[in-house]
Amino acid sequence: MDYIKRVEKTLHEGLISESFAQALKNFYLSYAEAITSNGQCMASFEPLHHRFLDFVIEQIRSPFYFEPFHQEITSPFNYYEFGLDYMRPLVKLDRSKVFHLERVDEMVELLAKKHNVILFANHQTEPDPQAISLLLENTHPKFAEDMIFVAGHRVVMDPMAVPFSKGRNLLCIYSKKYTENPPEEKAKKLQHNQRTMKKMAQLLSEGGKCIYVAPSGGRDRPDEHGRLDVAPFNPQSIEMFWLMSQQAQHPTHFYPLALATYDLLPPPNSIKKELGEHRYARCTPLCLSFGAEFDMEKFDGSEISDKKLRRKLRADQIWELVRKDYKKISEYMNA
């Protein structure tokens, strides 16, 4: 049975809604169109898509629960490799580039000394973790695989995202805009977040951890004129990581990271709280740029006594560094 017929069968069995069935079809058809336009044969990837559908159906029937700290599942099935195999055909690796790989070497050395690394980054697509791994696959595969991602509830609740999330190391947290939806679950979600913060503190105290966080709290989206920019960083988010790092038993280093991955799997133009997001895959080059280490104590305005203003100035400066690198890599991709 082909993929589309299997989706329709699942719909008729009452396992999924009409909207969700259409989301699955759209994702599959856009994927097929994308790789075919890039000279690849879709038939070669049919088993991968049937496996994906198996996982989606399994998640609907018996939802997988993500602990506050989820560690990648590689046995008995390797979800990490599955995620890379699924996304790899969509990436034009010959036109992709990582800027400042020497800074990754620097981070690897720090991690080997049990120091921690926090990456303050923009976020553009659901499979940003897979994008990072694919771009570092030939140079720093272990660094990419071991990376821990601060993940919102959507990637651990949406049945279409869960198969990819299972293969990553995640600190799972509910963002502020989702803790009160629905209201009756607010207390439970806040308790979950407290457990996640406690686990993060423990990980930093163990040392040797690299954590990716998007201080914007979500994905970059185009403005009303269709221009894509890095979403502003939340000073409170950055301050929280700074405070937690000071309580750890090992030093922590902070680096800006810019990603240009939007075209791989563009998010909806508006933020939706409900699950079942429609996804449209594209074949595209990707870029990363690792910035120089940022001094969290000595920066322009660090001498200001007003704590709120000082935190905002720090967040804005980190954001501007990411924006500056993002513009450079965007220009490279569009040249």
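Are R279 and D158 buried or exposed? Select the two residues and take a look: both R279 and D158 are buried. Keep in mind as you go that this is a predicted model.

Stay with this pair for a moment. R279 and D158 form a salt bridge, with 3.1 Å between the closest N and O atoms. R279 sits in the loop between β7 (252–260) and β8 (287–290), while D158 belongs to the loop between α8 (154–157) and α9 (162–165), so the contact ties together parts that are 121 residues apart in sequence.

Next, select E239 and R311. Here is another salt bridge, its closest N and O atoms 3.3 Å apart. Color by accessibility if you like: E239 counts as buried at 9% relative accessibility, whereas R311, at 32%, counts as partly exposed.

Now move to E8 and K25, whose side chains meet in a salt bridge of 3.5 Å, N to O. E8 lies in helix α1 (residues 3–12) and K25 in helix α2 (residues 18–37), so this pair ties together parts that are 17 residues apart in sequence. E8 is partly exposed, with a relative accessible area of 31%; K25 is buried, with 13%.

For the last stop, select D85, R88 and E137 together. These residues are linked in a network of salt bridges.

Would you like to keep exploring? A search of the whole structure finds 17 salt bridges, among them the pairs E8–K25, R279–D158 and E239–R311.

Terms used
Residues numbered from 1 in each chain as written. Predicted model: local features only at pLDDT ≥ 70, side-chain atom pairs only at ≥ 80, totals over all residues. Heavy atoms only, no water. Salt bridge = Lys/Arg side-chain N within 4 Å of Asp/Glu carboxyl O. Helix = DSSP H or I, 4+ residues; strand = E, 2+ residues; numbered from the N terminus. Buried < 20%, exposed > 50% of the residue type's maximum accessible area, 1.4 Å probe, protein only.
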